[in-house]
Amino acid sequence: MSHHEANHPILDPTIAPSFPVAALPILRNPQLRKNVAHATEVIQAKRGKLVAEKQDWQQLRSAASAIRNHVLENLGAYLEQFEARCTAAGGTVHWAADAAEARQIILDILREEKASEVIKIKTMTSAEIQLNPFLEAAGIKAYETDLAEIILQLGNDEPSHIVVPALHVNRSQVRDIFARTMDLKDLSDEPKALTNAARNYLRRKFLNIPTAISGANFLVAETGSVAVVESEGNGRMCLTLPRTLITLAGIEKVLPRFQDLEVMLQILARSATGERMNPYNSIWTGTTPGDGPQRFHVVLLDNGRSGILAQKTERQTLKCIRCAACMNACPVYRQTGGHAYGSVYPGPIGAILTPQLMQMHHAQSLPYASSLCGACYEVCPVKINIPEVLLELRAKVTDQERGQLNRFSDPMYIGLRIANLLFARAWLFHTAQWFGRIGLGLFTRKDGWIHSLPSVGAKWTQTRDLRGLPGQTFHGWWANRAKEAK
Amino acid sequence: MRTSLFITCYNDTLYPETGRAVVHLLERLGVPLDFKPQQTCCGQMHANTGFRAEAFSQAKRFVRLYQDAENVVIPSSSCVAMIRDQYPGLFEELGNEVLRRQFTALLPRVYELSEFLIDKLGVEDVGASFHHRVTYHASCHGVRALHLGDRPYRLLAKVRGLAQMPLPNTDRCCGFGGTFSVKNGDVSSAMMLVKLQEILSTGAEYCTALDNSCLMHLGGAMHRQFASMKTIHLAQILASTDAGEEIA
């Protein structure tokens, strides 16, 4: 299948290459980098403007953070409340321990519905469980209806952002994909023409396919309601026209009270798309006879989440409301886009979420895919201290390495272990400085600079020179000065 | 008891001129410094790379060495951020109550250089002269961890002959990130090239900062690209006078 094609992004953390390896071809793709830089710049500017106009932004952040913390401290109770209220309102709630269970539950429902096709609202959680390829293998074709997801599905591409999944594709590339796959040779790249093409393609799906799959932005425990926000109206179609609706939601998506949406919807729209309010806010509760889907299923997905909940520092990862503000603000993401992260969840939140969802068995390079600049924490509307979690995960990755034999072939590991011995005794540190000056002196040119180093040093000198070590350390100068003063 | 200079491991080794500048500057302002030769490293490199046990031992060492100091001045915002943001967690995890109390008592007396000048000494005009065009690179730790705000700009504004050249997107990372610069050397370089272009476009003669780590990264790239701009730690600008104290 498409996954074996060269250059096709791999978003499966169990087989994806490490971040530095996956980033390299992207760094060599100027068009993609230009698209990502432009798009993140535009969204960030919009967000910045709308956050600035909100005088109580920091209070809103604190309120959102408190709500999400409270949920995580009482997650089990709120999920059970949601289940009871949703069931009482005519919904059916399923619990899935992992991706395989969730896929099977959804397939069983679709088989019962005798569905051979299904329409979908953008749901990154379905990508997390790799639902589309699974359904396709079972003979069920899943049609994405979000514009960005259509672009990716028709273009045989993968999402690179959780709010704007086709952020790495520009308008003329979209035109080419639509022209090719919709057989519209004369299509222009005007936004209106592209939207019309998508609309024609979609309208037939909405009217003919009676089964839909959605994600959830929030579940409300108090009422058993589900909330989905979107910009295009395709979601509204999927949530109202079909006979049967299946909602897949991570267990962390629950909110205690209906009123909590007041805080969360304000903070989400401004953070995610730089809008005061999302154009479409759909909130529904179970089923209503004669109105909307008559069969409604919610699949609550754990898939590693309760393991994260058990960790003191890492738990805050689950506060995330998937606004992607951290991605747009991240200077690393700005260079690499999302595909380098080898996961449906890229950027700073992906760097902490993905390895944890993999129970630290995969994606160990992701916690290191950050310069720890802190821009993500600054913009996070629910105050997830991403740098703090990154450091916690780095400590776990290092502890894994301590038990492995091949640590002795990792110059970084050896270097840091030796440095620790040196830092424990000043005389050893000073001796090492002396040897370091001799050693680096061999690489220092006449101009006093080092232009090329071996081993890990080569990663430095590939783009940067290094000034040769000065003849005297500071502590050496201080000691001399003290002697002369006497 | 005296104000103590924690020079940091990499300044001691790679940028002794920054330490000398801090000494000259503070002596000129009437603050004689103490220097403990047993000092080595704050543990940032280890903590940020995941070597927490190793960072522990350096954090302990730091607290034991400076618990009696009147104040500690550190010409590196990322090392101060390490002490302020990461030591509390490390000591909590370590569960050594005596050490934790010693640290809590010491912490309010630990200053980054610009904090020490403005917050502790209450001076903005340090009597410096530096007749050059200068752009200030606000390092991430200075901006988001220490919230240095306009302190460095206020110090620069009072330097005779100095023209500040404003840098766009000041709050964006230069891509250094400690071991990130080699572990993710390609991405780090891509980030650096964006920042470098912005810095070079200011038309400044010098790029200054409160972290020699960022400057090592940016200055190394400037040298590689034959740029005429140079990097210089803010302490060295503030130490410069028309009498011609050393800057290099």
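Two residues are taken to be in contact if their C-beta atoms, placed from the backbone, lie within 7 Å. This briefing covers a predicted model. By that contact rule, 26 residues of domain 1 of chain B are in contact with 22 residues of domain 2 of chain B. Chain B also touches chain A, through 51 residues from chain B and 47 residues from chain A.

**Domains of chain B**

**Domain 1 of chain B, side that touches domain 2 of chain B**

- At least two residues each come from helix 1 (9-14), helix 2 (16-28), helix 3 (44-49), helix 5 (77-94) and helix 7 (113-120) of chain B.
- Helix 2 of chain B gives the most to this side, with six residues.
- The classes on this side of domain 1 of chain B are 13 nonpolar, nine polar and four charged residues.

**Chain B, side that touches chain A**

- Two or more residues each are given by helix 1, helix 2, helix 3, helix 4 (52-66), helix 8 (140-145), helix 10 (180-183), helix 11 (185-200) and helix 12 (212-224) of chain B.
- Helix 11 of chain B gives the most here, with seven residues.
- Sorted by class, this side of chain B holds 20 nonpolar, 22 polar and nine charged residues.

Notes: Residues are numbered from 1 along each chain as its sequence is written. Chains are lettered from A and ligands numbered from 1 in the order in which they are written. This is a predicted model: local features need pLDDT of at least 70, side-chain atom pairs count only at pLDDT 80 or more; totals for chains, interfaces and linings use all residues. Helices (H or I, at least four residues) and strands (E, at least two) are DSSP runs, numbered from the N terminus. Ala, Val, Leu, Ile, Met, Phe, Trp, Tyr, Cys and Pro count as nonpolar, Asp, Glu, Lys and Arg as charged, and the others, Gly among them, as polar.
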